[in-house]
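Grab the model and work through these exercises with me. Each one sets a task, then takes the solution step by step.

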Amino acid sequence: MEGTQYMKIAVALLVLLPLAGFIITLLFGKRFFRTKAHLLPVALVTVTAVLSIYAFEWVVRHPDEAFVWNAFSWVAAGRLTGEWGFLVDSLTGIMLLVVGIIGMLVHYYSIGYMKDDPGYYRFFAYLNLFMFAMFVLILANNYLLLFLGWEGVGLCSYLLISFWFRKKSASQAGKKAFLVNRVGDFGFTLGMFLIFVTTGTLQFTGVFDKAEMIGSGTLLWICLLLFTGAVGKSAQFPLHVWLPDAMEGPTPVSALIHAATMVNAGVYMVARSYPLFIHAHTAMLIVMIVGTFTAIYSAYIAITQNDIKRVIAYSTVSSLGFMFLALGAGAWVAGIFYLFAHGFFKGLLFLCSGSVIHAMGGEQDMRQMGGLRQKIPLTFWTMLIGAIALIGVFPLAGFWAKDEILGGAFVGGDYVVWAVGIITAFLTAVFAFRLIFMTFFGECRASEEVRHHIHESAKVMTIPLVLLAIPSALLGILVGWPPETGWIHRFLEPVFFDLEHEKFAWLGVGGGLMVFSLAVALLGVYVAYVMYIRRTELPGRVAARLQVAYEASFNKMYMDQVYEVVPIRSTIAFAGWLWTFFDVKVIDGAVNGLARLWELTGERLRPLQTGRVQNYALSIFAGMVVLVVVLAWFWGS
Amino acid sequence: MNALQWWLTLSILLFCIGAYGVLARRNVIVVVMSLEVMLNAVNIALVAIANFRGGDPGAGTLFALFIITIAAAEVTVGLAIVIANYRNKRTVQTDQFNELKG
Amino acid sequence: MPGGDFHPWFFVIVAAWVLICGLGVVAFKKIMYSAVSMVLCFLGVAFAYALLDASLVAIIQILVYVGAISIVIIFAIMLTELQEGRYDQFFNRQSIFAAPLAVAAAAVLTVVVASSDISGVTDKALNPGLKVLSDLLFNRYVFPFELVSLVLVAALIGAIVLARKEEERS
């Protein structure tokens with residue numbers, strides 16, 4: 001492979017620079033860097049963005065090869081070997097662009113957003129650590145290293161969600177994220193074990209070569225277990241509960257980790273395991289079902305939420321569901337396409353919401369907002385672009401990707417899935433524009449003093465907004481056109497081999513579906529317009545009429561309560577039982593009992609010590625007699 | 001039973017008689033006396049063996065002599081202790097000497 | 001039969017004397033009877049030594065045991081004897097166990113001795129005479145000899161210290 005020495009350097013730096021940034025900033029940030037603590041991490045992350053683009057370029061220039069480099073042997077235990085091995089192919093290339101560019105923009109944004117925060121240096125240190133882990137995850141060429149990155153981003157998620165750790169809700173949210181993730185990770189680990197047991201290796205190439213030889217039952221289990229990990233990491237039902245709570249973390253964190261990069265890790269991992277899933281149709285079916293259900297479920301919840309970040313969080317869950325829907329339905333390229341676009345517009349939406357919150361002096365409740373359009377116009381326009389991209393209006397990015405997914409479902413015969421997807425699209429349009437209308441239009445409902453302080457954010461925050469708005473708008477056309485045979489499809493061909501691409505029927509079914517979904521989206525916008533601009537008393541009345549439905553949506557479908565009752569309470573009860581019965585009675589009983597035994601023995605043996613020598617002499621004499629008898633017996637015989 | 005065995009039997013019997021006295025009497029001075037009886041029994045055995053068997057001819061006899069000597073010293077000290085004890089406790093009964101009980 | 005030159009009956013008489021006096025020591029309720037019994041026992045043992053051709057030991061037995069130890073014991077009896085009526089029992093509680101134990105011990109040991117093939121060397125004059133003994137004592141066994149004198153001194157001093165009256169504290 002020519003030109004690989006530069007690639008090696010690039011890949012090594014991609015991994016090492018953020019790590020170095022983390023260590024240095026963490027160690028020295030508090031004393032030496034203080035308010036300038038962002039300098040090193042931001043500089044490093046800019047470099048990694050450049051390197052990501054370089055790596056992407058390399059893949060473009062070498063369409064049929066993948067860069068593979070086993071740099072360093074880390075684990076060598078009998079048959080199990082784990083190396084620091086890297087793989088850069090077209091899938092990696094896409095991920096690198098997302099992670100590298102959005103990561104960089106978020107770092108810049110954070111300079112403004114986190115200004116004056118006492119934990120300034122810590123934030124940037126953690127951000128860099130996250131970049132390190134994320135790069136390891138996407139660059140890995142074996143499941144073990146991927147899992148290292150996987151756990152690493154989970155850790156950073158925890159650290160950053162509970163960044164303002166003195167706030168109780170924040171630290172609890174961090175714990176929740178980590179624990180729920182753990183459940184998924186457990187499945188992932190089991191899946192890895194199974195892979196290793198059946199194929200003897202964890203390297204992607206090794207595993208995929210043997211994919212066809214694995215028995216179908218085992219393969220099904222492997223895929224399901226791996227998918228469990230994805231469910232946890234990418235917040236699908238029922239392990240989605242951590243994502244909305246994760247909004248306790250600072251907005252840049254939400255943008256980077258919970259929209260653009262970390263939550264995509266699950267999707268990436270499933271996509272990477274394409275050769276395994278392709279042979280396990282039941283697993284794909286389950287993936288699709290889970291994704292579909294999650295998509296509509298979280299969209300349903302999103303329409304009643306009042307916290308601006310929560311709405312976007314549920315939207316993310318829904319979007320991720322969409323991606324899994326795509327993968328499960330067989331539209332692999334569409335799914336990754338959606339991931340690509342989603343990273344940009346969802347990240348944009350989060351950063352814009354951060355800008356809004358910043359302008360409102362920390363207020364996140366949309367009921368306190370309104371009429372911000374004139375006051376923070378740049379935020380408004382960029383957020384609008386993001387929203388339009390989200391709901392899938394032609395010609396922005398979301399449209400092409402979403403449409404390809406739904407169209408593929410319909411054409412493939414999954415009408416139910418298509419219908420659910422359409423409804424989800426409708427709901428998405430409703431809540432997205434509900435957000436826009438409540439926040440930027442109408443009367444400003446904020447108090448007098450808050451209104452005074454509303455201002456546009458600093459350039460360091462607004463420039464990333466603009467930079468993200470551009471791909472949100474244009475990516476679709478650039479990359480996904482024409483549908484089914486656009487650039488991205490050809491680009492990802494080596495990864496998703498053997499996939500059929502039907503020629504897109506512009507005038508027939510394909511075109512019709514496209515128009516229909518566009519109409520649905522616009523309908524949703526109209527509904528939101530009516531409810532929140534024209535007749536603002538409507539939402540209240542609808543809520544009163546459909547009270548059960550409204551309550552269910554508002555209370556997040558009671559999932560947290562379900563978790564509280566079923567696993568949590570029973571675990572606590574079990575722990576309590578273990579304490580009162582096992583620990584107190586059995587263990588303490590055994591230990592104390594043993595002590596009592598010695599005590600009693602001592603008490604019983606005490607009378608032997610009479611203090612009278614004659615008694616002792618008797619014992620000695622008796623012993624002597626016994627001894628003589630014994631000796632005589634043995635010597636005699 | 002040859003001659004030596006008879007003498008040894010005598011020694012054994014005397015020893016056990018003395019042992020009984022040491023173990024069973026209440027007056028500590030009687031215990032001391034029984035102890036002396038036991039020592040004599042041992043001496044008899046020693047001298048008998050020295051008389052009937054070869055080997056080092058003087059060792060047995062001298063050993064018996066030393067035993068006599070040391071016995072004398074031991075009786076002296078022992079009785080001194082008994083007397084000192086008697087001064088404090090006004091008793092010579094062995095069951096009263098149980099300070100080390102427990 | 002034992003004894004060598006002497007008639008075996010001498011052995012029987014001496015043996016009986018010694019054993020009966022020994023029993024007297026342990027069995028008499030009055031201490032003085034015990035003490036006298038003990039003296040007679042020592043005398044008997046001296047005769048036994050004579051029978052065994054150990055003339056030196058016999059003489060020393062009489063000198064030391066009968067002449068000194070017995071006196072000391074009797075002194076002790078005098079110094080500690082209480083009124084007769086104060087004694088309630090002469091044998092302690094474990095004497096019931098001690099008796100069979102002693103009998104058993106005697107039986108076992110006797111059986112062991114009797115069933116062994118220990119015997120004497122036929123050459124008679126084995127117990128060395130005075131000359132040989134004193135020769136050994138002052139040449140070969142001089143060290144233990146000196147040590148024993150040291151022990152005697154220590155015992156002497158110890159006894160004096162132990163038995164003297166406590167000083168009056170004023």
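**Exercise 1. Find the residue of β2(A) that stands opposite A:Phe67, and describe the hairpin of β1(A) and β2(A).**

Step 1. Look across from A:Phe67 and you land on A:Val88 in β2(A). This is a predicted model, where local features need pLDDT of at least 70, side-chain atom pairs count only at pLDDT 80 or more, and totals for chains, interfaces and linings use all residues. Residues are numbered from 1 along each chain as its sequence is written, with chains lettered from A and ligands numbered from 1 in the order in which they are written.

Step 2. Now trace the strands: β1 of chain A covers residues 67–77, β2 covers residues 80–88, and they pair in the antiparallel sense over 9 bridges. Two strands pair if DSSP finds at least two bridges between them. Strands (E, at least two residues) and helices (H or I, at least four) are DSSP runs, numbered from the N terminus.

Step 3. Check the turn: there are 2 residues between the strands, and A:Gly78 has a positive phi near 65 degrees.

Step 4. Chain A has 26 helices and 2 strands.

**Exercise 2. Locate the cis peptide bond that involves A:Pro238, then look at the positive phi angles of B:Arg90 and C:Asp53.**

Step 1. Recall the background: most residues other than glycine have a negative phi, and most peptide bonds are trans.

Step 2. The cis bond joins A:Phe237 and A:Pro238, with omega about 0 degrees. A:Pro238 sits in the loop between α8 (216–233) and α9 (242–245) of chain A.

Step 3. B:Arg90 isn't a glycine, yet its phi is positive, about 55 degrees. You'll find B:Arg90 in the segment after α3 of chain B.

Step 4. C:Asp53, also not a glycine, has a positive phi near 65 degrees. C:Asp53 lies in the loop between α2 (31–51) and α3 (55–80) of chain C.

Step 5. Buried or exposed? Count the other C-beta atoms (placed from the backbone) within 10 Å: 20 or more means buried, 12 or fewer exposed, and anything in between partly exposed. B:Arg90 has 11, so it's exposed. C:Asp53 has 22, so it's buried.

**Exercise 3. Work out which helix of chain B gives the most to the side that touches chain C.**

Step 1. Count the contacts (C-beta atoms, placed from the backbone, within 7 Å). Here 66 residues of chain B are in contact with 72 residues of chain C.

Step 2. Sort the residues of chain B's side by type: 46 nonpolar, 15 polar and 5 charged. Nonpolar here means Ala, Val, Leu, Ile, Met, Phe, Trp, Tyr, Cys and Pro; charged means Asp, Glu, Lys and Arg; the others, Gly among them, are polar.

Step 3. Repeat for chain A: this contact takes 11 residues from chain B and 9 residues from chain A. The side of chain B that touches chain A divides into 5 nonpolar, 3 polar and 3 charged residues.

**Exercise 4. Find what share of the residues is buried in chain B and in chain A.**

Step 1. In chain B, buried residues make up 59% of the 102 residues.

Step 2. In chain A, 52% of the 637 residues count as buried.

Technical notes:
Two residues are in contact if their C-beta atoms, placed from the backbone, lie within 7 Å.
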